[in-house]
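Please look over the model shown below before reading on. The report that follows takes up its parts in turn.

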Amino acid sequence: MRGRSAGQWRLRQGQESLHFNERLFAADPGQHMPDTVAHEVAHSVVYRCHGRGKRPHGPEWRAVMKYLGFEPRVTHETSPELLARILNHHLYRCACRSHALGPRQHQQVHRGKRDYRCRLCGERLIRADQTAGPGGREK
């Protein structure tokens, strides 16, 4: 696996399989063991108990995660700085935190085709290595 996804449960032709992002696990094992493994196993349990057609992170999945003793979180909390370093992502900032944009997102910003905004504070994201001047514009 590549990218930001830490793990994946797959069902192909009736065969289940679990896949994990080795680079994320190696860079931040405490973030992914055992939470990410439990997350993917919970998908398998839901499939085996309820069959197909359930929402991936619906009430059945959340109940299995709680039963296994884990917080039913959908996403991992690997820091944007670490993601940028190990996954060829680019570090951006807003008023409240850091963000890791993938190569495609970065190219769209670089070419002036797209702006991204923080979902929390609403500020436009700027490259971390740029400084913001008056009005939040890059210098």
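This is a predicted model: local features need pLDDT of at least 70, side-chain atom pairs count only at pLDDT 80 or more; totals for chains, interfaces and linings use all residues.

Strand 3, made of residues 90-93, runs antiparallel to strand 4, and the two are joined by four bridges.

These two strands belong to an open sheet of three strands, in which the order is 4-3-5 and the pairing is antiparallel. Strand 4, at 98-101, and strand 5, at 126-127, are the edge strands, each of them pairing on one side only.

## The hairpin of strands 1 and 2

Another antiparallel pairing is found between strand 1 and strand 2, where six bridges are counted. The two strands form a hairpin with two residues between them, and Gln-13, which lies in the turn, has a positive phi of about 50 degrees. Within this pairing, Leu-11 stands opposite Glu-16, a residue of strand 2.

## Helix 3 and what covers it

Helix 3 has 16 residues, and the distance from its first C-alpha to its last is 22 Å, which is close to the 22 Å expected at 1.5 Å a residue. After helix 3 comes Gly-51, whose phi is positive and near 75 degrees. The buried residues of helix 3 are Thr-36, Ala-38, His-39, Glu-40, Ala-42, His-43, Ser-44 and Val-46. The cover over these buried residues includes strand 1, strand 2 (15-20), helix 1 (22-27), helix 2 (29-32) and helix 4 (59-68). In general, an α-helix has 3.6 residues a turn, so residues three or four places apart point the same way.

Thr-36, which lies in helix 3, has a relative accessibility of 8% and therefore counts as buried, the cut-off being under 20%. When its neighbours within four places in sequence are left aside, Thr-36 is in contact with Ala-6, Gly-7, Phe-20, Phe-25 and Gln-31.

## Two aromatic pairs

A search of the whole structure finds two aromatic pairs. In the pair made by Trp-9 and Tyr-47, the ring centres are 5.5 Å apart and the planes stand at 45 degrees, so this pair is described as tilted. Because Trp-9 lies in strand 1 (residues 7-12) and Tyr-47 in helix 3 (residues 35-50), the pair ties together parts that are 38 residues apart in sequence. Trp-9 is partly exposed, with a relative accessible area of 21%, and Tyr-47 is likewise partly exposed, with a value of 24%.

The other pair is that of Phe-20 and Phe-25, whose ring centres are 5.4 Å apart and whose planes are at 70 degrees, so the pair is edge-to-face. Phe-20 is partly exposed, with a relative accessible area of 26%, whereas Phe-25 is buried, with a relative accessible area of 15%. Both Phe-20 and Phe-25 are also among the residues in contact with Thr-36.

## A loop residue

Where in the chain does Glu-77 have its place? Glu-77 is found in the loop between helix 4 and helix 5, the latter spanning 80-86. With a relative accessible area of 55%, Glu-77 is exposed. The C-alpha atoms of Glu-77 and Gln-31 are separated by 7.1 Å, although the two residues are 46 residues apart along the chain.

## The chain as a whole

The secondary structure of the protein chain comes to six helices and five strands. Read along the sequence, these elements follow the pattern β-β-α-α-α-α-α-β-β-α-β. The C-alpha atoms of the chain fill a box of roughly 55 × 30 × 25 Å, taken along the principal axes. The radius of gyration of the chain is 18 Å, whereas a compact globule of 139 residues would have one near 14 Å.

Of the 139 residues in the protein chain, 31% are buried. The accessible surface of the chain comes to about 9,400 Å², and 46% of this surface belongs to carbon and sulfur atoms. Among the contacts with a separation of 6 or more, 37% are between residues 24 or more positions apart.

Note on methods. Residues are numbered from 1 along each chain as its sequence is written. Side-chain values use heavy atoms; hydrogens and water are left out. Rings of Phe, Tyr and Trp (its six-membered ring) pair if their centres lie within 6.5 Å; planes under 30 degrees apart count as stacked, over 60 as edge-to-face and the rest as tilted. Buried means under 20% relative accessible area, exposed over 50%, partly exposed in between (1.4 Å probe, protein chains only). Two strands pair if DSSP finds at least two bridges between them. The expected span of a helix is 1.5 Å times one less than its number of residues. Contact means heavy atoms within 4.5 Å. The radius of gyration is taken over C-alpha atoms; the globule rule is 2.2 Å times the number of residues to the power 0.38. Accessible areas come from the Shrake-Rupley method with a 1.4 Å probe; for residues, only the protein chains shown count as cover.
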